[in-house]
Structure formats: structure tokens, C-alpha cells
Amino acid sequence: MKIFKHQRISLFLFLVLYRIAQEMYYVKFIVPIYSYAGYINDASLSRYIISWAFFIGMALLFIKAMFGKDRFWSNVSFVLLLLKFTPLTILLGYISYEKAYIVTNFIFWFMFVVLCNNMPSIKIVSDDCIEKHNRCLKNLFYIVIGLFVISVLYISIRYTGFHLHTSLFDVYDIRFEQRENSYPTVFRYILAASTLLCPLVICYFLDKKSA
């Protein structure tokens, strides 16, 4: 029981440090370069306190969901907490949004965490079926991933000149440039599907690692 409690405390401290690091990166790098895109530093004390209170309160609920009995929902909660929720709370502290937008975000994330805490385990395929067709399912899974990779490489080679880019300082410029590219509709659907499925793929590998 003590180990379980220490894990929760360690995870909470990690999330706080993660938020601080993300916030520093936003102020020092994102704001000076991408202020034209709406990423500004218009922080006020009240908004900043509210953003941290929102983050801490929801982080505690997220942690409860992450230590639930279902590993899949735990991994989904963890990925969304890092990639979606934490950046949102930072923006709420530094950008002046309409009150309706802030309130609806509070409601959405609260309802999401409550559902995660009470969501029953979902098994689309039975354990017996997974064991029986384990190799086939794995092959199908990797074929889907391979399809995404090949599609991205093809679009990069055919429509963008295929250049490797390692800088994080002009990532939004690249996104805007990519939106202006014209390529077949089928690839647009594949890229849209990969955007939705990639977080689930991350959850899958986290689940396999913790198993």
C-alpha cells in the first residue's frame, strides 16, 4: 500500500515539473517566435492562479484514473494528460480566452476524467480469440502502422521534396506549409486517420511494456 501511495506522489511531482518545463518552453521559445499565430504572453495573476488550480485539481483526478484497474484507460488518460491537457492549462494562463471557452473546457475535462474513473473494461475481442489469432492480429496491427509510415514518406517525397527537419523552432511554419500542399484525397483520409490512431498506438505500446 505504501508503494502504491509513493507511486502516486511521484507521478504528481513529475506532472508538476512537466508543467513547469512546458511553461518555461512556451514563454522563452514559443511566444517570441509564434506570437503572430496567437501564442502570446498576456498572463494575469488571476488567470495564472486559475490555470494552476485547474491543472492540480484535474491532475489528481487523472492520477486516480491512471491507477484504475483497466490499463487501457490508464494509458489513454496518461497520454492525453501530457499531450493535450497540460498544454491547454498553460494557454489558459497566458492567453485571454472568452469565459465560455474556459468554462466549457473545465466541463469537458471534468466529465472525461469522471468517465475514465467509472468506465468499465472494454474488450472488443475475447482473450481466447486474441490467444488463438495472436500472430494474425499483430501482423494486421503492424500492417496498419506500415501503411501510415509509407503514406507519410510518399507524401514527403512526392509533394514536399522530402527533407528532414530537426528544428522545433519553426514547427508551426511547417504545419501551415503542409496544409497548403495539394495531394489526393485518399492520402488526406489516411493522414487524418493516423492523427486519431497514433495516440492509441502509443497507448498500445505502453500497455505492452507494462504487461
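Predicted model: local features only at pLDDT ≥ 70, side-chain atom pairs only at ≥ 80, totals over all residues.
**Entry 1: the whole chain.** I began with the secondary structure and found 8 helices and 0 strands. Reading along the sequence, I wrote down α-α-α-α-α-α-α-α. Of the 211 residues, 27% are buried. I then looked at contacts between residues at least 6 apart in sequence, and 80% of them join residues at least 24 apart. The accessible surface came out at about 14400 Å², with 68% of it belonging to carbon and sulfur atoms.

Entry 2: Next I turned to the rings, and the count was 16 aromatic pairs. I picked Trp52 and Phe55: their planes stand at 85°, over the 60 degrees needed, so this pair is edge-to-face, with the centres 5.6 Å apart. Both residues belong to helix 2 (residues 45–66), and being 3 residues apart there, they are separated by about one helical turn. I found both Trp52 and Phe55 buried.

Entry 3: My next pair was Phe62 and Phe85, which is tilted, with 5.5 Å from centre to centre and 50° between the planes. Phe62 and Phe85 are both buried.

**Entry 4: the cluster and a charge.** Which rings do the pairs link into a cluster? I listed Trp52, Phe54, Phe55, Phe62, Phe85, Phe106, Phe108, Trp109 and Phe112. Last, I checked Arg19: its charged end sits over the ring of Trp52, 4.3 Å from the centre. The charged end of Arg19 also sits over the ring of Phe55, at 5.7 Å from the centre.

Notes
Residues numbered from 1 in each chain as written. Heavy atoms only, no water. Helix = DSSP H or I, 4+ residues; strand = E, 2+ residues; numbered from the N terminus. Buried < 20%, exposed > 50% of the residue type's maximum accessible area, 1.4 Å probe, protein only. Contact = heavy atoms within 4.5 Å. Areas by Shrake-Rupley, 256 points an atom, 1.4 Å probe, with all protein chains shown as cover. Phe/Tyr/Trp six-rings, centres within 6.5 Å; stacked < 30°, edge-to-face > 60°. Lys NZ or Arg CZ within 6 Å of the ring centre and 35° of its normal.
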